[in-house]
Amino acid sequence: MKNLIEAVAKLIKNSNHTIAFTGAGISVESGIPPFRGETGLWGKYNPEVLDINFFRENPEESWSFIREIFYDFFTDTKPNPAHYMLAEMEKRGVLKSIITQNIDNLHQEAGSKTVHEFHGNSKTLICLKCGEQYSASEFDFKTISPKCKNDGEILKPDFIFFGEGIPPEAYKNSFAEAEKADICLVIGSTGEVMPASLVPQTAKKTGAIIIEINPEKTAFTQQITDIHLKGKAGETLTVLGNSLF
Ligand code: NAD
């Protein structure tokens, strides 16, 4: 494994445009469970609570789950060594951008600057009626659902629900980065979420080397991965960082 990581470090040093595509797995070492797999959130909750039509009709019921899934788990979580190493790589000029499926804001908290949030962010809330946006930190919604100060409408977290489109700017930027990339690090993602999984697939099609970091095999491993670093994100990126700098 050490030799493989050193080979990857060499590839990254010689690359012109390395990008990272991250999924729920990169935040597991921060204590946030992924959706899929044995400890995944979908083993405990019904995905319907995150459907946009369900939310429009039953916002209170939806919030009773949203609160527990996203705000109880996400509050007080901190970036882990994987987030910090990606931020360091950007600072030192060897990583151009991160495309993340995560909504936990941990890349930004670790200091990463160019982060394209494919699925939005949980730190912002939006009113579906008037479009007003609020910081989630303005509300204490442990018991009451947060309401718009203009019209009293129950606010929705500004990450995408099932049935909603990808934020256009993030979509455009993510695919532009994928097309430019000569290396794409794919970290902690099953590759089962569409259209997000098309980002690394596009990178592959346009000539990038795909380097996957994941303790398990995924849909990507079979289809597009060139080098699989089989391990946890925090540990693997720490060793990679030691070979890089
Ligand atoms: P997923 O839940 O489908 O899969 C997680 C992947 O991470 C798996 O392949 C698993 O083997 C891997 N993994 C587990 N521990 C790891 C570790 N320590 N290091 C590296 N990899 C590890 O995740 P997904 O593909 O990102 O799709 C789920 C969707 O749910 C995403 O679109 C995301 O928006 C959302 N989600 C986000 C968060 C978050 O913001 N932290 C958490 C849960 C789900």
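Let's start with an open sheet of three strands, in the order E5-E4-E6, where the pairing is antiparallel. Keep in mind that this is a predicted model. Below, we go through both sheets, then some helices, one phenylalanine and a few cysteines.

**The three-stranded sheet**

- Strand E5 (133–135) and strand E6 (156–159) sit at the edges, so to speak: each of them pairs on one side only.
- From one strand to the next, the twist averages 50°.
- Strand E4 (residues 120–126) is joined to E6 by three bridges, in the antiparallel sense.

- How many of the five residues of E1 are buried? Five of five are, and the strand counts as mostly covered.
- In a regular strand the side chains alternate between the two faces of the sheet.
- You can follow this in E1: Thr18, Ala20 and Thr22 point one way, Ile19 and Phe21 point the other way, and all are buried.
- On one pairing, E1 and E7 run in the parallel sense and share five bridges. Within E7, Ile187 is the bridge partner of Thr22.
- E1 is also joined to E2 by four bridges, and these two strands run parallel. Here Ala20 has Ile98 of E2 as its bridge partner.

**A look at Phe21**

- Phe21 belongs to strand E1.
- Is Phe21 buried or exposed? Its relative accessible area is 0%, and buried means under 20%, so Phe21 is buried.
- Leaving out residues up to four places away in sequence, Phe21 touches a list of residues that includes Ile99, Gln101, Cys184, Leu185, Val186 and Ile187. Also among its contacts are Ala196, Val199, Pro200 and Phe220.
- Phe21 and Asn53 are 32 residues apart in sequence, and their C-alpha atoms are 29 Å apart in space.

**Helix H7**

- The buried residues in helix H7 (residues 198–205) are Val199, Pro200, Thr202 and Ala203.
- If you look down the axis of H7, these buried residues fall within an arc of 155°, so they line one face of the helix.
- That spacing makes sense with a bit of background: an α-helix has 3.6 residues a turn, so residues three or four places apart point the same way.
- Just after H7 comes Gly207, which takes a positive phi of about 105°.

**Helix H9**

- Helix H9 (residues 233–244) has 12 residues, which at 1.5 Å a residue should span 16 Å; the C-alpha atoms at its ends are 16 Å apart, so the two agree.
- Its buried residues are Ala233, Gly234, Thr236, Leu237, Leu240, Gly241, Ser243 and Leu244.
- Which elements do the buried residues of H9 pack against? They pack against helix H1 (2–14), helix H4 (81–91), strand E7 (183–187), strand E8 (209–213) and strand E9 (227–229).

**Cysteines**

- The structure holds zero disulfides.
- Take Cys130: the nearest cysteine sulfur belongs to Cys148 and is 3.7 Å away, while a disulfide needs the sulfur atoms within 2.5 Å, so Cys130 is in no disulfide.
- Cys130 has a relative accessible area of 39%, so it is partly exposed.
- Cys184, in contrast, is buried, with a relative accessible area of 0%. Cys184 is also one of the residues that Phe21 touches.

Key:
Residues numbered from 1 in each chain as written. Predicted model: local features only at pLDDT ≥ 70, side-chain atom pairs only at ≥ 80, totals over all residues. Heavy atoms only, no water. Pairing = 2+ DSSP bridges. Axes fitted to C-alpha atoms, helices over the stretch in contact; angles between N-to-C directions. Expected span 1.5 Å × (residues − 1). Buried < 20%, exposed > 50% of the residue type's maximum accessible area, 1.4 Å probe, protein only. Contact = heavy atoms within 4.5 Å. Arc of directions from axis to C-beta.
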